[in-house]
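Here is a short tour of a two-chain model, meant to be read with the structure open beside you.

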Amino acid sequence: MILQGENILKQYHHKGETINALDHVSFKVNKGDFVTVTGPSGSGKSTLLLALFGLIRLTSGNIIFDGKRIDNIGDRQLTDIRKKSIGYILQSFALIPYLTTIQNVMIPLALEKIPGKEQAKRAREILDYVGLSDRMEHLPRELSAGQQQRIAIARSIIHRPQIIMADEPTGNLDPTLSLEILEFLKKINRENKITIIMVTHSPVAAGYGTMKLHLNEGKIVTSGN
Amino acid sequence: MTILKLVFIELWKRKSQLITGLLAITLGIAVIVAIQSVSVVSEQNVARNLDNLGANILVLPQGASIDDYYTSDIDAPTLPMDYVERILTSTIAGVDNMSPKLTRRVKVGDQSVVLTGILPKSEIASKPLWQSSGLLGAELKTACAPSQSANKSHGLEDEKLKRKAIDTLNSKDCLAGSQVAKRLKLSANGRINIMGKEFNIVKILPETGTVDDDRIFANLRDVQQLLGIENQVSAIEIMGCCNAISEGLLGKLRNILPDTRITTIGQIVSTQIETNQLMKKITLIMLIIIFFVGGISIGNYIWANVNERKREIGILRMMGAERSTIYKMFLLKALILGVAGGILGYLLGTLAGVILGPYLAGIVVKPVYIYLLWSVLLSVTISLAGSLFPTYLAAKFDPHTNLQED
């Protein structure tokens with residue numbers, strides 16, 4: 001088991017009212033799982049994704065990553081875990097607009113202070129893997145949405161993370177490109193044994209999951225393979 | 001890819017913002033450099049004019065009064081010439097110039113005139129012991145003036161004469177004050193008989209509006225011999241640096257000349273001190289204004305940049321960038337802007353001072369190279385100070401705010 005959530009509660013207070021964004025959620029994820037998290041808008045999917053690695057803090061409950069509790073550790077240690085062990089893919093690609101393809105992909109390695117030559121070598125390999133070796137010097141605005149998402153995928157795996165957190169990775173793509181990206185994520189999951197936790201609205205995307213969580217009003221209503 | 005490279009790429013790719021930010025700091029520094037370049041020369045001019053007010057310290061014999069100094073009574077007390085040497089060979093700082101004088105009222109025909117014996121600079125410089133003091137062998141200093149040589153450029157003989165600094169005054173030569181020249185109908189290159197001794201009139205001095213206008217100046221040795229008062233002087237006039245006066249120069253002089261009366265010419269000293277303080281205050285006020293205006297401009301630029309890059313900050317934090325990395329990103333940017341703004345500001349300000357100085361202030365301004373270092377230091381300080389708060393806020397952003405925007 002790589003990740004476990006125990007009785008996770010996340011409350012927000014709004015105009016004197018307490019809202020349970022995550023209401024005592026528990027789950028277990030094994031290494032190499034492709035987890036899909038579905039549910040209607042406001043059901044707590046994205047909150048769960050953010051809460052898992054400290055991007056928002058829990059009201060109560062435990063999160064255990066790689067055998068260690070991480071819900072009660074400091075910001076610096078959580079930052080270090082995100083830097084070394086987690087890759088993020090977002091709906092809007094989250095690329096830095098003034099950096100070229102290869103420069104965007106190298107950022108996680110730069111944050112780990114890996115030497116420049118090693119960064120460039122690994123970035124070229126990854127861009128070749130995602131089929132963008134001929135677009136290395138392009139800026140994001142010069143590329144299609146699908147190509148931009150492939151850069152985001154390359155960036156999310158270049159530092160060889162244990163888990164990829166994907167929040168609606170196909171939300172901005174047409175059905176053909178969506179399938180292309182989903183197939184790619186499946187390939188990464190299978191070939192590299194990287195655990196993927198993907199939030200999605202799409203039933204097609206949800207179908208790729210080897211483990212499925214369905215949330216409603218902050219609670220897991222169905223869970224299974 | 002490094003954080004520094006990321007900063008350079010961001011600066012380069014957003015040129016219009018770079019130019020705006022750079023312009024703000026460059027103009028601020030340029031204004032300071034231009035004002036400072038012009039004001040240094042202006043201060044030198046002011047200091048030179050203050051020197052024209054004359055000596056500001058009088059060393060008189062014990063028991064002598066200021067009246068004795070001005071009325072030049074026949075039996076006014078005197079002090080030994082050796083005292084000049086005592087001052088020159090001491091290590092007291094702040095004595096910029098001095099002039100030993102022997103003054104007596106004498107008769108020329110049926111007219112009463114004041115005869116003053118003065119020691120020309122060339123005579124003082126010829127004494128090896130005095131030369132070694134490094135005081136009078138050199139070009140005249142300007143009291144309290146900035147360190148640059150203020151007097152090299154003007155070199156006007158009349159002005160030097162007004163300042164009572166006589167380079168050469170040979171035996172049997174004399175200088176006549178404007179009033180006494182009129183009264184005795186004296187002219188330059190003419191002759192005058194004083195107490196049976198013939199003197200050549202080298203020059204009629206320009207009017208100063210002081211008691212000097214009614215005096216005849218001759219070589220101190222001649223006057224001492226003529227009056228029969230060998231190796232004695234009536235007073236030693238000292239041009240002391242006004243800062244040194246306020247720091248206890250008089251007390252130090254009293255320690256080496258215990259049996260004398262040492263006094264300041266209050267009005268001159270206070271004028272010098274007030275003028276110097278005013279010049280310093282003006283420069284300080286300008287510096288404070290530029291510091292705040294420059295700091296706020298840069299702070300505003302960095303704050304706009306932080307806001308524009310909120311999403312980017314969120315992405316980086318999400319990927320594992322520490323708060324210190326965000327600090328580094330923005331403070332490195334401020335540092336680069338500071339260094340570039342300091343260099344450009346120095347060049348622009350110096351150019352403005354050199355070009356506009358003669359037109360606006362009627363003075364010749366030369367580049368002051370040490371200002372390059374000060375410009376860069378000031379610019380970097382302003383830039384970093386202005387950027388600290390926006391950077392602090394940037395580092396505090398929650399990454400999830402940006403993720404939710406997605």
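In H2(A), the buried residues (20 or more other C-beta atoms within 10 Å of their own, with C-beta atoms placed from the backbone) are A:Thr79, A:Ile81 and A:Arg82. Viewed down the axis of H2(A), these buried residues fall within an arc of 160 degrees, so they line one face of the helix; the arc is that of the directions from the helix axis to the C-beta atoms. On the other side of H2(A), A:Arg76 and A:Gln77 are exposed, meaning 12 or fewer such neighbours.

The cover over the buried residues of H2(A) includes S4 (60-65) and S6 of chain A, along with H14 (310-318) of chain B. Helices (H or I, at least four residues) and strands (E, at least two) are DSSP runs, numbered from the N terminus.

This is a predicted model, in which local features need pLDDT of at least 70 and side-chain atom pairs count only at pLDDT 80 or more, while totals for chains, interfaces and linings use all residues. Residues are numbered from 1 along each chain as its sequence is written, with chains lettered from A and ligands numbered from 1 in the order in which they are written.

## Where the chains meet

Chain A brings 25 residues to the contact and chain B brings 18 residues; two residues are in contact if their C-beta atoms, placed from the backbone, lie within 7 Å. On the side of chain A that touches chain B, H3(A) gives the most, with 6 residues.
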